[in-house]
Structures are given as C-alpha cells and as structure tokens.
Amino acid sequence: MYVGRDMTELSMVAKSEWENSELAFFHHSLQQIAPYLNSEGVTIHQEIIEEIENRGGLKRQEADYTHGTHIGYD
C-alpha cells in the first residue's frame with residue numbers, strides 16, 4: 001500500500017522534487033489506466049516519465065542485505 005503525498009499535493013510541487021517512490025507509484029498507476037486518460041492525464045504521465053528518465057531510471061545503484069535493486073513504493 002502506498003503511503004505518501006497524494007496527487008492533489010504533488011500537483012503543486014515540481015516533478016524534480018518528487019521522491020522516487022512517488023514517481024514509481026504514480027507512473028505504475030497511470031500506466032495501468034493509460035487507455036482511459038484524458039489529455040491532461042497523458043501530459044502528467046509523460047512528465048513523470050521524463051523525470052524518471054532524467055534521474056537515470058528508478059533502479060537502485062547498489063543492493064545490500066536489507067534492500068534489493070528495485071525501488072518499492074509501498
């Protein structure tokens with residue numbers, strides 16, 4: 001389950017200030033409903049994708065004994 005800021009709050013914050021977990025969660029959510037998004041939703045999803053790409057993706061750089069290389073949002 002996602003625990004974090006909701007889209008209402010995040011809409012007032014630049015994508016560059018979002019946490020990786022927020023980007024991952026909303027990218028996954030919007031990806032699941034992509035066929036039903038209106039033009040505003042598509043634009044928001046594209047901005048999220050661009051921010052993820054600007055950060056070099058969402059993979060962790062290193063794994064350790066408590067964390068894998070996948071960013072979780074729950």
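This is a predicted model: local features need pLDDT of at least 70, side-chain atom pairs count only at pLDDT 80 or more; totals for chains, interfaces and linings use all residues.
**Entry 1: helix H3**

Residues are numbered from 1 along each chain as its sequence is written, and side-chain values use heavy atoms, with hydrogens and water left out.

H3 covers residues 39-54; helices here are DSSP runs (H or I, at least four residues), strands are E runs of at least two, and both are numbered from the N terminus. I looked up the span: 22 Å from the first C-alpha to the last for 16 residues, close to the 22 Å expected (1.5 Å times one less than the number of residues).

Which residues of H3 are buried? I found Gly41, His45, Ile48, Glu51 and Ile52. Down the axis of H3 they fall within an arc of 120°, so they line one face of the helix (the arc is taken from the directions from the helix axis to the C-beta atoms). The general rule to keep in mind is that an α-helix has 3.6 residues a turn, so residues three or four places apart point the same way. Helix H2 (20-32) is included in what covers the buried residues of H3.

Asn38 caps the N-terminal end of H3, with a side-chain oxygen 3.1 Å from the backbone nitrogen of Glu40. Just after H3, Gly56 has a positive phi of about 85°.

**Entry 2: Glu51**

Glu51 sits in helix H3, and I list it as buried because its relative accessibility is 12%. Its side chain makes a polar contact of 2.8 Å with that of Arg55 (N or O atoms within 3.5 Å, one able to donate a hydrogen and the other to accept it within protein; residues adjacent in sequence count only if both atoms are side-chain atoms). Leaving out residues up to four places away in sequence, Glu51 touches Lys15, Ser16 and Leu23 (contact is heavy atoms within 4.5 Å).

For H2 I noted Glu22, Leu23, Ala24, Phe26 and Leu30 as the buried residues. They pack against helix H1 (7-10) and H3.

How many aromatic pairs are there? I get four, counting Phe, Tyr and Trp rings (the six-membered one for Trp) with centres within 6.5 Å; planes under 30 degrees apart are stacked, over 60 edge-to-face, the rest tilted. Tyr2 and Phe26 are edge-to-face, 5.6 Å centre to centre with 75° between the planes. Tyr2 lies in the segment before H1 and Phe26 in H2, so this pair ties together parts 24 residues apart in sequence. Trp18 and Phe26 are edge-to-face too, at 6.0 Å and 65°, and both are buried. Ring pairs link Tyr2, Trp18, Phe25 and Phe26 into a cluster.

**Entry 3: the core**

The largest nonpolar core has 11 residues, among them Tyr2, Leu10, Trp18, Phe26, Ile48 and Ile52 (buried Ala, Val, Leu, Ile, Met, Phe, Trp, Tyr and Cys joined through side-chain atoms within 4.5 Å). H2 and H3 are the elements that give two or more residues to this core, and H2 has the largest share, four residues.

Notes
Buried means under 20% relative accessible area, exposed over 50%, partly exposed in between (1.4 Å probe, protein chains only).
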